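Here's a quick briefing to read alongside the coordinates. Open the structure in your viewer and follow along, topic by topic.

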Amino acid sequence: MPKTAQNMDTGLQPIAHSIQRAAYLTGYSRSALYHAMNAGTLKWFSRGKRRFILHDDLTTFIKAEAKAGQPDPNNPPPPPPQLVKKIV
């Protein structure tokens, strides 16, 4: 693994992440991150041919995803359908 500010015991966090690193940190696939970037839900910038995501933007995206995945307490999901066994 290449030496970065994060693994050199300096306590510093990278300001921006490559797509591969962002995928590693979040557990999302690279294609899911590219999809979010193309949809406009994940901010990014490029340098040359490479795309980068600011650490704060990645954190904001993950928090929004987590909030969207939580059920709304004012609108609970419907109960599961009852299984009916047919008698033949």
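## How the pieces pack

In this predicted model, the buried residues of α1 pack against β1, α2, β3 and α3. The chain has three helices and three strands in its secondary structure, and along the sequence they come in the pattern β-α-α-β-β-α. The points below start with the whole chain, go through the sheet and the helices, and end with a few residues.

**The chain as a whole**

- There are 88 residues in the chain, and 16% of them count as buried.
- The accessible surface comes to about 7,600 Å², with 57% of that belonging to carbon and sulfur atoms.
- If you take the contacts between residues at least 6 apart in sequence, 43% of them join residues at least 24 apart.

**The sheet**

- The sheet is open and has three strands, ordered β1-β3-β2 with antiparallel pairing.
- At the edges sit β1 (16-18) and β2 (45-47), each of which pairs on one side only.
- From one strand to the next, the twist averages 40°.
- As background, strands of a sheet pair through backbone hydrogen bonds, and they can do so parallel or antiparallel.
- Between β1 and β3 (residues 50-54), which run antiparallel, there are three bridges.

**Helices lying across the strands**

- Helix α1 covers residues 19-26 and lies across β1 and β3, running at about 100° to β1.
- Helix α3, residues 55-69, also lies across β1 and β3, and its direction is at about 70° to β3.

**Helix α1, face by face**

- I19, A22 and A23 are buried in α1. Looking down the axis of α1, you'd see the buried residues fall within an arc of 100°, so they line one face of the helix.
- Turned away from that buried side is a face with the exposed residues Q20 and Y24.
- Just past the end of α1, G27 takes a positive phi of about 85°.

**Helix α2, face by face**

- Helix α2 spans residues 30-39, and its L33, A36 and M37 are buried. Those three sit on the same side of α2 because they cover an arc of only 100° around the axis.
- The other side of α2 has S31, H35, N38 and A39, which are exposed.
- The cover over the buried residues of α2 includes α1, β3 and α3.

- Setting aside residues up to four places away in sequence, H17 touches A22, L25, R51, F52, I53, H55 and L58.
- The side chains of H17 and H55 are joined by a polar contact of 2.8 Å.

**H55, in helix α3**

- H55 is placed in helix α3. With a relative accessible area of 27%, H55 is partly exposed.
- Not counting residues up to four places away in sequence, H55 touches P14, I15, A16 and H17.
- How many residues apart along the chain are H55 and I15? They are 40 residues apart, and 5.4 Å separates their C-alpha atoms.

**S18, in strand β1**

- S18 is another residue found in strand β1. The relative accessible area of S18 is 17%, and since buried means under 20%, S18 counts as buried.
- The S18 side chain reaches the backbone nitrogen of R21 at 3.2 Å.
- Leaving out neighbours within four places in sequence, S18 is in contact with R50, R51 and F52.

Technical notes:
Residues numbered from 1 in each chain as written. Predicted model: local features only at pLDDT ≥ 70, side-chain atom pairs only at ≥ 80, totals over all residues. Heavy atoms only, no water. Pairing = 2+ DSSP bridges. Helix = DSSP H or I, 4+ residues; strand = E, 2+ residues; numbered from the N terminus. Axes fitted to C-alpha atoms, helices over the stretch in contact; angles between N-to-C directions. Contact = heavy atoms within 4.5 Å. Buried < 20%, exposed > 50% of the residue type's maximum accessible area, 1.4 Å probe, protein only. Arc of directions from axis to C-beta. Areas by Shrake-Rupley, 256 points an atom, 1.4 Å probe, with all protein chains shown as cover. Polar contact = N/O pair within 3.5 Å; in protein donor to acceptor, adjacent residues only side chain to side chain.
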